[in-house]
Number of protein chains: 2
Amino acid sequence: MTTRWLTPEEQRAWRAYIAGYLLLEDAIDRQLQQEAGMPHAYYSILANLSDAPERRLRMTDLAERLKMTRSRLTYAVTRLEKDGLVRREDCEWDKRGSVAVLTDQGMAVLESAAPGHVDTVRTLLFDRLSPEQVGQLEQIFTQVAQGLQGDGGEAAPDELPWRRRSSPCSGTPQPDDRAT
Amino acid sequence: MTTRWLTPEEQRAWRAYIAGYLLLEDAIDRQLQQEAGMPHAYYSILANLSDAPERRLRMTDLAERLKMTRSRLTYAVTRLEKDGLVRREDCEWDKRGSVAVLTDQGMAVLESAAPGHVDTVRTLLFDRLSPEQVGQLEQIFTQVAQGLQGDGGEAAPDELPWRRRSSPCSGTPQPDDRAT
DNA sequence: TCCCCTTGGTTCAAGTTTGAAACAAACCTA
DNA sequence: TAGGTTTGTTTCAAACTTGAACCAAGGGGA
């Protein structure tokens, strides 16, 4: 099949997208590095844990939510643990498991960094978009993400027995926020 | 000033965007790594050079176009040079300068990798978007990027004398394509 | 129960990225 | 034209990411 190249419109969109997200991620990374001493991905780990029940999540769950590889997460959590922001605990009913828990210190760091981070995201992104564009952005990337993870199947996450034991290693999502 | 947190709509958009671009970049990187033995950023270097007049560009110009730091580019070009895909030459009228040139071999590698890459971008992104969404994507990220580079001022790049000497170290943009 | 296959996590080496120097050439100004 | 600043590029160490092993432990099934 003879390659279907990108149309001029697609090329422009692609270029704009690449430039935009590179600049945006760069700016966010720098801001967080300066004000919180960690890259965006690490901040996201803290933010994600803070939203989870009991501030704890199993490594694999966390990795999946953050779209990180497990080894990357292992490395990151090790660093955050050294900094005292996260603690690792064993999962009781699955001896293979490891649970990352946000410490009080981690929560404190997160709370002190959050305003600056949110402000950056707002200033650099949302303040420049109309409400309609915010909706379009969500719609576009939701479609893209679905195609990329849905591909695998993602069996409906219905009642996996161990997810409900009284003292869960990980919990279920929750809409709260510190902006990723 | 008391932080203006993200609205629910903004939160959803932000989360979708983060997940989407992480998955997308990951997929693109893996595809290129497998089929061309290099990450997306490196492919972009080749693609960008191939579009430039005489397939050559000064390091700084290249870095700016690709939104890369200079040191990152230095490292990348050194690697590509080892692979024989790019060659470095001295800039004649500015002895500080260094020019990256795409070799024939580099061009060949690029051309063999392009179809697969474009196909990936198309399948994962454009085939999932309506024509309107493609336009929205461009518009949104153009606005974002403008805010991020325009901030610095970016004095109108009017006639810098050396840019026009008969045998330019770098040239001017050009709309052609191999999908970044 | 004994195997074998899958799953959850970590480890290790190799490759990349970052940011802060270090240099050298080009520019400007007095 | 000497001296100081800016610009173009590389270098270096430290941090981060990747992917391929590796090591349990869990889950069947014969």
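How do the residues of the surface near DNA strand C divide into nonpolar, polar and charged? They divide into three nonpolar, seven polar and ten charged. Welcome to this structure, which is a predicted model. Below is a short tour that begins at the DNA and then moves into chain B.

**Around DNA strand C**

- There are 20 residues around DNA strand C, and those that come nearest are T60(A), R88(A), R96(A), R72(B) and R79(B).
- Sugar or phosphate accounts for 73% of the DNA strand C atoms within 4 Å of the protein, while the rest belong to bases.
- From chain B, K95(B) takes part through its backbone: a polar backbone atom lies 3.2 Å from a phosphate oxygen of DNA strand C.
- Two or more residues of this surface come from each of α3 (59-66) and α4 (70-82) of chain A, and likewise from α4 of chain B.
- The largest share is that of α4(B), which gives four residues.

**Two helices of chain B**

- Two packed helices are described by the angle between their axes and the distance between the axes.
- In chain B, the axes of helix α3 (residues 59-66) and helix α4 (residues 70-82) come within 9 Å and cross at roughly 110 degrees.
- α3(B) and α4(B) are therefore roughly perpendicular to each other.
- On the α3(B) side, the contact is made by M59(B), T60(B), L62(B) and A63(B), which meet R70(B), L73(B), T74(B) and V77(B) of α4(B).
- Five of the residues in this contact are nonpolar, two are polar and one is charged.

**The sheet of chain B**

- Strands of a sheet pair through backbone hydrogen bonds, either parallel or antiparallel.
- Chain B has an open sheet of three strands in the order β1-β3-β2, and the pairing is antiparallel.
- β1 (56-58) and β2 (86-90) of chain B stand at the edges with a single partner strand each, so one side of each has no neighbour in the sheet.
- From one strand to the next, the twist averages 30 degrees.
- β2(B) and strand β3 (residues 98-102) of chain B run antiparallel and are joined by five bridges.
- R88(B) has A100(B) in β3(B) as its bridge partner.
- Helix α2 (residues 40-51) of chain B lies across β1, β2 and β3 of chain B, and runs at about 90 degrees to β3(B).

Key
Residues numbered from 1 in each chain as written. Chains lettered and ligands numbered in written order. Predicted model: local features only at pLDDT ≥ 70, side-chain atom pairs only at ≥ 80, totals over all residues. Heavy atoms only, no water. Axes fitted to C-alpha atoms, helices over the stretch in contact; angles between N-to-C directions. Parallel < 35°, antiparallel > 145°, perpendicular 65-115°, else oblique. Contact = heavy atoms within 4.5 Å. Nonpolar A, V, L, I, M, F, W, Y, C, P; charged D, E, K, R; others polar. Near = heavy atom within 4 Å. Polar contact = N/O pair within 3.5 Å; in protein donor to acceptor, adjacent residues only side chain to side chain. Pairing = 2+ DSSP bridges.
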